[in-house]
Amino acid sequence: METKKNTTLREGFLVKRGHLVHNWKPRWFVLVPDRLLYFKYDGGKRDSCQRGKILLKDCEITSPFLDYENRPLVIKLRTKNGVDHFLEACSREERDDWAGDISAAMEKLRGPEGVKGTNLQTTTTTGPQLHDINLIKVLESMYDVHSGIKMGNHLDHGSSYSNCFSGSAVVDWLVFSQLALTRVEALTLASALQEESFLWPVGLKSVEALRTAGLTEHFMDDSTALYSFSDSLKKRGSVKAETSMSAVELSGKVIKRGYLLKQGHRRKNWKVRLFVLRSEPAYLHYYDPTKDDISPVGGFSLRACLVSSLGDNGVPSGVKGNIQGNLFKIITQEDTHYFIQAPTQQQKMDWIEAIRQQTSSSGSKLF
């Protein structure tokens, strides 16, 4: 039976490395039969606006990818345009499950022969050979504050858009910078940049063109079609210093790992954290997945903790901002309240049960 193109095969948190600024950011990934979509969490709730995509046809996958010393759980995807994407899972099991599902989807896109699509392609159009072009280098040049494309404010159907540029300006810049010989070549190159989600349509005309084109990326050499750089290219702000942890509390056996959302104590904002549950001694630590440092940014003993599930009807007392749901709360022996969101109801129950087992073994209370 044929699988629908919008069927969700797998979804969950992965940490993605940026292309220009090589920082790592948690994103919510959704695997469908022909592509991998990713979204940002806005506070404690998933943003409905798609942040990017990775087309799987003729893609290559490497798992495990072990070039990052402090990140042993990375999957590498290389698209047909030669762009590399690095995605980090929370555990070896999650990494292998993601890699297996992505590989299975890629295999179905290769056809019945099971041979790589790149080996079967025949070129019927003229223009630049994109496999010989480093799209990251093109993007870096375009993004350069001095010699890159000029961004400005533009009007489209009565709405004002800032920090954007027209499709014809992109084509002009690619030809002027000698990255393409003709406007046809530049249009092909611009379409590849859009296909990789480096360029994003804004305004009615370019968004409508992409929508009506369906699965085919449709970049417009048009002075009234507006585009911008992807939000994922924006630089991050400053990062707070970490809290030091003793070697004893980090010496326990790892029972469970996973990405969860945690509400901050001061600013009450929600951030994705990698949680690690340990036993003997029973501790729950959380890590900032955007950092390469392997030290936790926080954690607490589970001795005398109180653990409870919170309902999704309304916003519980102490919880701020937009929330997705699947909330639970941990109160430590020092009466510190931790509000945590799991990606799904089942994961919430799994985490509560796993924590309950550790608090029970350390003589803690439950409610």
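This is a predicted model: local features need pLDDT of at least 70, side-chain atom pairs count only at pLDDT 80 or more; totals for chains, interfaces and linings use all residues.
1. Overall make-up. The chain has 367 residues, and 49% of them count as buried. Its secondary structure comes to seven helices and 18 strands. Among contacts with a separation of 6 or more, 56% join residues 24 or more positions apart.

2. Two packed helices. Start with helix α4, residues 167–176, and helix α5, residues 183–195. Two packed helices are described by the angle between their axes and by the distance between the axes. For α4 and α5 the angle is about 115 degrees, and the axes are 9 Å apart. An angle of 65 to 115 degrees counts as roughly perpendicular. The two helices, α4 and α5, are therefore roughly perpendicular to each other. Their crossing is right-handed.

3. Who makes that contact. From α4 come S168, V170, V171, D172, L174 and V175. From α5 come R183, A186, L187, L189 and A190. Sorted by class, the contact of α4 with α5 has eight nonpolar residues, one polar residue and two charged residues. When viewing the structure, look for D172 on the α4 side and R183 on the α5 side.

4. A loop residue, D222. This residue lies in the loop between α6 (204–213) and β11 (226–229). Is D222 buried or exposed? Its relative accessible area is 18%. The cut-off for buried is under 20%. D222 is therefore buried. Leaving out residues up to four places away in sequence, D222 touches S166, G167, S168 and K205. One of these, S168, also belongs to the α4 side of the contact with α5.

5. Another loop residue, G158. Find G158 in the loop between β8 (152–156) and β9 (159–166). G158 has a relative accessibility of 78%. Exposed means over 50%, so G158 counts as exposed. How far apart are G158 and G203 in space, C-alpha to C-alpha? The distance is 10.0 Å, while in sequence the two are 45 residues apart.

6. Cysteines. How many disulfides does the structure hold? The number is zero. C59 is buried, with a relative accessible area of 2%. C305 also counts as buried, at 0% relative accessibility.

7. Where to look again. Check the right-handed crossing of α4 and α5. Then follow D222 to its contacts with S166, G167, S168 and K205.

Terms used:
Residues are numbered from 1 along each chain as its sequence is written. Side-chain values use heavy atoms; hydrogens and water are left out. Axes are lines fitted to C-alpha atoms, for helices over the stretch in contact, and angles run from 0 to 180 degrees between N-to-C directions. Helices (H or I, at least four residues) and strands (E, at least two) are DSSP runs, numbered from the N terminus. Angles under 35 degrees count as roughly parallel, over 145 as roughly antiparallel, 65 to 115 as roughly perpendicular and the rest as oblique. A crossing is left-handed if the near helix is turned anticlockwise from the far one by less than a right angle, and right-handed if clockwise. Contact means heavy atoms within 4.5 Å. Ala, Val, Leu, Ile, Met, Phe, Trp, Tyr, Cys and Pro count as nonpolar, Asp, Glu, Lys and Arg as charged, and the others, Gly among them, as polar. A disulfide is a pair of cysteine sulfur atoms within 2.5 Å. Buried means under 20% relative accessible area, exposed over 50%, partly exposed in between (1.4 Å probe, protein chains only).
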